[in-house]
Amino acid sequence: MFRTIEWLDDTNEVRLVDQTKLPLIKAHIITSSHERIAHAIKVMEIRGAPAIGAAAGMGMALAALESNAKSKNELLAFLRKAANTLNTRPTAVNLTWATRRMLKVAEDAEGDIANIIQRLIDEAKEIAEEDVRMCRSIGENSLGLIKPGFTIQTICNAGSLATVHLGTVGAVIRVAHEKYDGDIKVYAAETRPRQQGARLTVFEMMEDGIDTTLITDGMIGTVFREGRIDCCVVGADRILRTGHIINKIGTYTMAITAKYHNIPFYVAAPTSTIDMDTNPEDVVIEERNGDEIRVINGQYITVPNAKVYNPAFDMTPPELVTAIITDKGVVHDPTEEKMRSLFD
Ligand code: MRU
């Protein structure tokens, strides 16, 4: 798979895959504007927690280049505004994690403005490279859980396109596919309303020659009951110290259904997705426009003014989670103590 987002050294621009056009059109967006990056995050041209973290990091580096600042204070003021502009989605923690990290680098950097800007460009590239390394480690750490011949149920897209490269769930599947000579299968839930499962997961799995079956979200119970699935592996937009998992809407229902059928429920995520500070009741779940549900392919599929509730994410409690697979190791039956030990 190609890289979802890249820094172009020759021109100091950012190139990202336009995910709203996939799988029918493979197009890129190239920009030198942090406001364009903010827009791309907002309208989901780039999406997936680690990918929007990398985009926000690069957006901050572009902002530094755009700032025309004459002093460090002017630069910091411009970057603080840019961070607010880039934080366009509230749920995935990677976004604020990346903008805070970039601000800290600017605050701590010494030397003239040109040096600080270069430091920010290097840090943005490092966030992206780190993501690639963390995904590879997630894949390797999952090998004890995923056996040859397994069929994995997933939801949304936590593949290459949701990260810089490889994916979180994508890495679990790809590393197993590589090690077990292709003896691994995937069931992808369509993922209403934005269809990241149908549009993106099926696309990228098939590009890599991985045996993938598409189902609608309502079929999950049936495929579990029919014994087609060995385990679930889902991504996360935020993992709390309590072990609560915030991920794409439908994840919670899948976890409850998995428990009922004694199917292991695994979550694959980098440590940059872990939020040790926020309490479950304080997590902001993004609510999106009702037309995402009312309209398909430009046509109303319901009464045009139908009342709609459209939360983009849900929260799965730790008692439904068999294990969290991170770049730093696997946390079985997550508890606060075990989550803390990841960072010791
Ligand atoms: O609304 P999206 O498409 O940004 O939601 C993405 C997800 O829910 C993914 O499962 C999650 O970010 C994990 S990505 C490795």
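Trainee: What volume does the largest cavity have?

Mentor: About 210 Å³. Keep in mind that this is a predicted model, and that the value is computed from it.

Trainee: What makes that space a cavity and not a pocket?

Mentor: A cavity is a set of points where a 1.4 Å probe fits but cannot get out, whereas a pocket is an open set. The space of about 210 Å³ is listed as a cavity, so by that definition the probe cannot get out of it.

Trainee: How many cavities of 30 Å³ or more does the whole structure hold?

Mentor: The search finds four.

Trainee: Why is the largest cavity said to lie between domain 1 and domain 2?

Mentor: Because domain 1 (5-137) and domain 2 (139-341) both give residues to its lining. There are 26 lining residues, and Arg47, Gly48, Ala49, Asn157 and Asp237 lie nearest the centre of the cavity.

Trainee: Which classes make up the lining of the largest cavity?

Mentor: It has 14 nonpolar, seven polar and five charged residues. Gly48 is one of the lining residues, and Gly counts as polar here.

Trainee: Good to know! Which element gives the largest share of the lining of the second largest cavity?

Mentor: That is α5, with four residues. The lining of this cavity includes Pro50, Trp97, Glu130 and Ser272, and it divides into five nonpolar, three polar and two charged residues.

Trainee: Now the pockets. Why is the second largest pocket placed between the domains?

Mentor: Domain 1 and domain 2 both give residues to its lining, so the pocket lies between them. Its volume is about 230 Å³. The largest share of its lining, four residues, comes from α4, while β11 (274-275) also supplies at least two. Trp97 and Ser272 are among the residues lining this pocket, and both also line the second largest cavity.

Trainee: And how do you know that Arg192 belongs to the lining of the largest pocket?

Mentor: Lining residues have an atom within 4 Å of a point, and Arg192 is listed in the lining, so it meets that cut-off. The largest pocket holds about 320 Å³ of space, and its lining has three nonpolar, four polar and five charged residues.

Notes
Residues are numbered from 1 along each chain as its sequence is written. This is a predicted model: local features need pLDDT of at least 70, side-chain atom pairs count only at pLDDT 80 or more; totals for chains, interfaces and linings use all residues. Side-chain values use heavy atoms; hydrogens and water are left out. On a 1 Å grid over the protein atoms alone, a cavity is a set of points where a 1.4 Å probe fits but cannot get out, and a pocket is an open set with protein on both sides within 12 Å along at least five of seven lines; lining residues have an atom within 4 Å of a point. Grid points are joined across faces, edges and corners, and a volume is the space filled by probe spheres set on the points. Domain bounds come from an automatic or database domain assignment.
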